[in-house]
Amino acid sequence: MKIGVHPNNLHLRLARLLPGAFVDLQPIFVSYAEGRDTAVLLESGDIDLGGTGSTPPLEADMRGLGVEYIAASAPRPANGAIFVRRDSPIGSVAELKGRRISLIDGSFHTYLLARSLEGEGMTLPDVERVESGARDSLADLLEGRVDAWVAMSPRLEKALERDDIRLIVRCGATIPNRSLFWTLERSCLSAAEIRALVSELSRIGGKIAADPRAAATLLASGDRSGTDIDAWEKVVRSRDFTVVPIDDEIIAEQQEEADTLLRHGHFDTPIVLKRSLETTK
């Protein structure tokens, strides 16, 4: 089983570091740069399973790739926020109209921004989205190249401690923000393999939750971002590592996101998601 690992999916990142993870599936862990690359790697057969936020699998479905959802984390309300400078005249989402906003477009950042704007009667075209990629978005914000910044862990926790920026939206008030574990139908994973994946993802999640300090130590080892053990421990403790099989509630959440991004013009054609495996057996 070729399991994709990128830096922002902590569940699979830790799985690669934990002895014995996925041992019954003879895992090969494949590292890659970011979640938006997951569909391409699944399409090419370089990986069999990936873990991302909610938006990349919808982007894959827009390309007609035939996404198959395997499992999902519990909602992660703490892992996303929108910041402005402390001295910014922007006091709320309602004042983002016409502003430049740094984000990783095509990730859950896009959905968080869309839902936040929608609550104020606006849509994505009402703002200018600035792709951040690997750039230092905090520097862009502080130096005035953008007016707002969509942030996520582990940089989010550090941002919350600063006094030169100000929070205007927290993820939990806007979107569920789960991690989704998914593949493509063409990968032809068997029912037994899917059950084994869900079981092992759940076991690993329990192990992480049982000892956040140990998980933080693993994440800090070789971390080039400069995030230390204490900071990683805050990140680990801030999220629920419970993993559950895909069900109709989660599919409905994905459908709501797809419909929202269609309304905002991010998608140009509707996506109709299939009911979950659990309810179609």
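Tutor: In this predicted model, helix α8, residues 212–220, packs against helix α9, residues 229–237, at an angle of about 125°. The axes of α8 and α9 are 8 Å apart. Angles from 65 to 115 degrees count as roughly perpendicular and those over 145 as roughly antiparallel, and the two helices α8 and α9 are therefore oblique to each other. The crossing of α8 past α9 is right-handed. On the side of α8, the contact is made by Pro 212, Arg 213, Ala 215, Ala 216, Thr 217, Leu 219 and Ala 220. On the side of α9, the residues are Ile 229, Asp 230, Trp 232, Glu 233, Val 236 and Arg 237. Sorted by type, the residues of this contact between α8 and α9 are eight nonpolar, one polar and four charged.

Next, the aromatic rings. There are two aromatic pairs by the ring-centre rule. One of them is formed by Phe 83 and Trp 149, with 5.8 Å from centre to centre and 35° between the planes, and it is tilted. This pair links distant parts of the chain, since Phe 83 belongs to strand β5 (residues 81–85) and Trp 149 to strand β8 (residues 148–151), 66 residues apart. Buried means under 20% relative accessible area. Phe 83 has a relative accessibility of 2%, so Phe 83 counts as buried. Trp 149 has a relative accessible area of 4% and is therefore buried too.

In helix α1, residues 10–17, six of the eight residues are buried, so α1 is largely enclosed by the rest of the structure. The buried residues of α1 are Leu 10, His 11, Leu 12, Arg 13, Leu 14 and Ala 15.

Now the backbone. Most residues other than glycine have a negative phi, and most peptide bonds are trans. Phe 22 has a positive phi, near 60°, and is not a glycine. Phe 22 sits in the loop between α1 and β2 (28–31). Its relative accessibility is 2%, so Phe 22 counts as buried. Cys 188, also not a glycine, has a positive phi of about 55°. The place of Cys 188 is the loop between β10 (180–184) and α7 (191–210). Exposed means over 50% relative accessible area, and Cys 188, with 61%, is therefore exposed. The backbone also has a cis peptide bond, between Ser 153 and Pro 154, where omega is about 5°. Pro 154 lies in the loop between β8 and α6 (155–160).

Gly 98 is in the loop between β5 and β6 (100–103). At 59% relative accessibility, Gly 98 is over the 50% limit and so counts as exposed. Leaving out residues up to four places away in sequence, Gly 98 touches Asp 126 and Val 127. Phe 241 is 143 residues from Gly 98 along the chain, and the C-alpha atoms of Gly 98 and Phe 241 are separated by 37 Å.

Terms used:
Residues numbered from 1 in each chain as written. Predicted model: local features only at pLDDT ≥ 70, side-chain atom pairs only at ≥ 80, totals over all residues. Heavy atoms only, no water. Axes fitted to C-alpha atoms, helices over the stretch in contact; angles between N-to-C directions. Helix = DSSP H or I, 4+ residues; strand = E, 2+ residues; numbered from the N terminus. Parallel < 35°, antiparallel > 145°, perpendicular 65-115°, else oblique. Left-handed = near helix turned anticlockwise from the far one by under 90°. Contact = heavy atoms within 4.5 Å. Nonpolar A, V, L, I, M, F, W, Y, C, P; charged D, E, K, R; others polar. Phe/Tyr/Trp six-rings, centres within 6.5 Å; stacked < 30°, edge-to-face > 60°. Buried < 20%, exposed > 50% of the residue type's maximum accessible area, 1.4 Å probe, protein only.
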